[in-house]
Amino acid sequence: MYTLAHLSDPHLGPLPDPTVRELVSKRVLGYINWQSNRAASFTSEHLDGIVADLTARAPDHIAITGDLVNIAIEAELDPARRWLDGLGDPRDISLVLGNHDAYVPGALRKACDAWAPYLTGDHALHPGPFPYLRQRDDIAIIGVSSAVATGPFMATGHVGSGQAKRLTDMLARAGRDNAFRVVMIHHPPIRGATHWHKRLIGASRVRAAIREAGAELVLHGHTHVDSLNWIPGPDGPVPVVGVPSASHAPGTFHPGARYNLFTIERASGSAGTHGKWRCHMLERGFTAPGQGISDIREKTLSPEGPTKEHAPRHSLAQPSGL
């Protein structure tokens with residue numbers, strides 16, 4: 001049995017004061033948005049609670065799907081690295097970057113340098129090219145990068161044909177090794193998952209890679225809502241799970257801070273048989289102001305797809321626009 005925790009979009013605060021030069025760019029819009037809105041919505045109090053609760057459950061590995069920072073200024077990088085180091089050993093934490101980590105040209109490279117141990121595949125010396133692969137027991141964790149700098153009022157991601165080809169090859173090799181394959185990506189590779197200006201360009205390439213080579217689980221952030229979708233795979237539908245921001249205060253338009261815990265094990269009598277896995281998902285987090293963290297819902301993600309699922313206590317909300 002292997003336990004994998006997933007959190008996303010912590011948007012670590014408080015936001016340090018940027019220099020005047022740093023604000024002569026798209027960052028000025030993000031800075032105004034932080035001061036007028038996000039500073040009250042994304043709180044250290046709720047993030048600390050999520051981290052403490054997650055840590056107490058001692059997962060084998062933690063997957064983080066991006067947006068550690070807000071406007072990707074230099075002063076955000078070291079605090080984010082300290083936060084990662086406090087969460088655990090880089091071997092036990094896998095990270096992919098989000099659009100806020102690549103907010104302006106040059107920011108992505110600096111983030112990769114600052115957080116390199118969490119973005120690097122097995123036996124690699126430095127991050128890139130993406131995707132990267134980490135093998136943990138029978139679990140293959142594959143980090144896909146959708147983070148790119150964009151213009152004002154845009155938050156799109158991008159996966160090119162080269163990365164998609166490498167993803168297909170990695171998935172195929174891991175499948176031949178009978179691994180449970182987890183794909184991490186910031187932007188959801190689902191058609192219509194979010195607004196046009198926040199979509200993933202190249203999502204069809206990611207879906208095509210999974211359709212051809214297969215996967216057992218896809219994890220993403222970006223939408224700040226809890227969601228469950230399914231995309232075709234060669235052995236049946238593949239679950240695509242989104243999680244709300246790990247620092248968002250409850251009681252507003254988006255759900256309160258949450259994380260997901262996946263318990264993964266081979267189905268009885270299926271040793272060495274591709275695709276025979278059980279994956280149970282537990283969602284925990286804040287549901288209302290003034291209340292603590294609690295179980296929100298549980299779900300068994302069956303390899304037979306959505307029509308064969310065990311009934312959850314509540315159905316997962318479908319993704320909404322941000």
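Q: At about what angle to E12 does helix H3 run?
A: In this predicted model, helix H3 covers residues 44–56. Helix H3 lies across strand E1 (2–7), strand E2 (61–65), E12 and E13. Its angle to E12 is about 20°.

Q: Which strands does helix H4 touch?
A: Helix H4 spans residues 74–87 and packs on the sheet. The direction of H4 makes about 155° with that of E2. The strands touched by H4 are E1, E2 and E3.

Q: In what order do the strands of the open sheet that contains E12 and E13 stand?
A: This sheet has 6 strands, and its pairing is mixed. Strand E3 (93–96) and strand E14 (294–301) each have a single partner strand, so they stand at the edges with one side left without a neighbour in the sheet. Neighbouring strands here are turned by 20° against each other on average, direction ignored. The order is E3-E2-E1-E12-E13-E14.

Q: Which residue in E13 is the bridge partner of Phe262?
A: Strand E12 takes in residues 258–266, and strand E13 takes in residues 277–285. The two pair in the antiparallel sense over 9 bridges. The partner of Phe262 in E13 is Met281.

Q: Which residues lie nearest the centre of the largest pocket?
A: The largest pocket holds about 580 Å³ of space. By class, its lining has 10 nonpolar, 14 polar and 4 charged residues. Of the 28 lining residues, those nearest the centre are Asn33, Arg38, His100, Tyr103 and Lys198.

Q: What radius of gyration does the chain have?
A: The C-alpha trace spans about 60 × 45 × 35 Å along its principal axes. A compact globule of 322 residues would have a radius of gyration near 20 Å. The value for the chain agrees with this: 18 Å.

Technical notes:
Residues numbered from 1 in each chain as written. Predicted model: local features only at pLDDT ≥ 70, side-chain atom pairs only at ≥ 80, totals over all residues. Heavy atoms only, no water. 1 Å grid on protein atoms, 1.4 Å probe; cavity = no way out; pocket = protein on both sides within 12 Å on 5 of 7 lines; lining within 4 Å. Points joined across faces, edges and corners; volume = space filled by probe spheres on them. Nonpolar A, V, L, I, M, F, W, Y, C, P; charged D, E, K, R; others polar. Pairing = 2+ DSSP bridges. Helix = DSSP H or I, 4+ residues; strand = E, 2+ residues; numbered from the N terminus. Axes fitted to C-alpha atoms, helices over the stretch in contact; angles between N-to-C directions. Contact = heavy atoms within 4.5 Å. Rg over C-alpha atoms; globule rule 2.2 N^0.38 Å.
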